[in-house]
Amino acid sequence: MKIVDIIPTTVSVPLEAPLRHSNGEHWGRFVRTIVEVVTDEGIVGLGEVGGGGEGAELQFKRLKDYLIGHDPFQLEALRYKICNPTASLYNNRLQYMAAIEFACLDIIGQKLNQPVYNLIGGKLRDKISFASYLFFRYENQELGIEEVRTIEQLVRHTRALKERCGFRTHKLKAGVFPPEYELDAYKALAAEFPQDHFRIDPNACWSVEDSIWFAKQIESIRNDYLEDPTWGLNGMRRVREKTTIPLATNTVVVTFEQLAQNVLNPAADVILLDTCFWGGIRACVKAAAICDTFQLGISVHSSGELGIQLSTMLHLAAALPNLTFAIDAHYHQLLDDVIAGGKMEYKDGQIAVPDEPGLGVKLDRDRLQEYAEQFRRQGAYCYDRDSRRPDWYPLLPNDRWADPEVQ
Ligand code: MG
């Protein structure tokens, strides 16, 4: 089989409301580039990558000239072609590699009439548990959705999400308000849902000392882990020395070389695998096996994916023996998806693993065109500027918090 075409389409899909985080704001939408890899046998595989917009499309147009004629079954050759590990220069290609790998696995699965999980070790679980992904967020007046700023609003939002999706693990995105306020918010959630599990992620914007202080305050909570409280391997190591709570990361251990460093001199206890960041589903399987060997925890990171990448996460999570945590997804924050049948559904905090051949998702052409048109109108955003605080920018350590009384 041969690749005969690679077609990128960038889409902009609306969120329920603009999400706030330590670097600013997700502007009420996620921009993703969908990739269709076409073969000479007429089988089309799907991939997805985040953020880049026109830049991502340009990368895929260049890759097309390079990969025409490549056999999609030859995945290791593909890896060397796109991001040769002997040349670290090419590591910035990992996400494009990932999108093409998703599509090739989708093609192989369709050709062999097997779901992707059967190509990576088989399915250990039929449904995957997800954490709620709680954000402080601005209101969406058009849809009548209230802001989430006060602790009362946050608890109400969490209860509504729990009723709608059945979550039993809750993740709070922090780094928006002063740590003292976010501590009160986190404690209020833990008090409201005492049977549930919790995790908090300020996107590495606290100082080491603030991180240690925060960790001490939450030791009695049923924490899965404290995610990226501060930045850098050494900063994380300093926090880790002073807390009993496992530390997780999706920032300082995102390559195999960093993983080796973390085995030799641990900075994080739980590695959050991302099918895009690591260069594909198979790279995450390899990383998970290393974590298994050295007794590091794993979970799965969310980078604001639509249904195609979500499917890669479901197949991955289905096949990992050492996955003990609920995985992350922003997915419930999205209003729609580009896959046929619309958004996948949460039931009891879980999403079913697709059993159809390949990734088990197909494009809805009408939705793809609608959201591609929205992207053409709105354009990409490279930086998450906060629309209500246009002069605000992240500082490290971040001590320029929003005032919860005002905004
Ligand atoms: Mg994170």
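**Sheet, core and domain contact**

Analyst: Facing valine 35 of β4 is proline 8. This is a predicted model, where local features need pLDDT of at least 70 and side-chain atom pairs count only at pLDDT 80 or more, while totals for chains, interfaces and linings use all residues. Numbering runs from 1 along each chain as its sequence is written, and side-chain values use heavy atoms, with hydrogens and water left out.

User: What makes β1 and β4 a pair?

Analyst: Strands (DSSP runs of E, at least two residues; helices are runs of H or I, at least four, and both are numbered from the N terminus) pair if DSSP finds at least two bridges between them. Here 11 bridges join β1 to β4 (residues 29-39), so the pairing holds by that rule. The two run antiparallel.

User: Why are β1 and β5 called edge strands?

Analyst: The open sheet has the order β1-β4-β5. β1 (3-14) and β5 (44-50) each have a single partner strand, so one side of each has no neighbour in the sheet. From one strand to the next, the twist averages 25°.

User: What lies across β1, β4 and β5, and at what angle to β5?

Analyst: That's helix α3 (residues 94-112), at about 155° to β5. Axes are lines fitted to C-alpha atoms (for helices, over the stretch in contact), and angles between N-to-C directions go from 0 to 180 degrees. Helix α11 (residues 365-378) also packs on the sheet, touching β1 and β4; contact means heavy atoms within 4.5 Å.

User: What makes something a nonpolar core, and which residues touch the most other members of the largest one?

Analyst: The set must be buried (under 20% relative accessible area, with exposed over 50% and partly exposed in between; 1.4 Å probe, protein chains only) Ala, Val, Leu, Ile, Met, Phe, Trp, Tyr and Cys residues joined through side-chain atoms within 4.5 Å. The largest has 122 residues, and Phe60, Ile100, Phe130 and Trp278 touch the most other members. α3 gives the most to it, with 12 residues. Isoleucine 100 touches Ile6, Val35 and Phe60, among others, not counting residues up to four places away in sequence.

User: How do you know how much area domain 1 and domain 2 bury?

Analyst: The bounds, domain 1 (3-113 + 365-378) and domain 2 (118-352), come from an automatic or database domain assignment. Buried area is the accessible area (1.4 Å probe) that two parts lose on being put together, summed over both. For this pair that is about 3600 Å², 62% of it on carbon and sulfur atoms. In domain 1, Glu16, Arg20 and Arg367 lose the most area to domain 2, together 24% of what that side buries.
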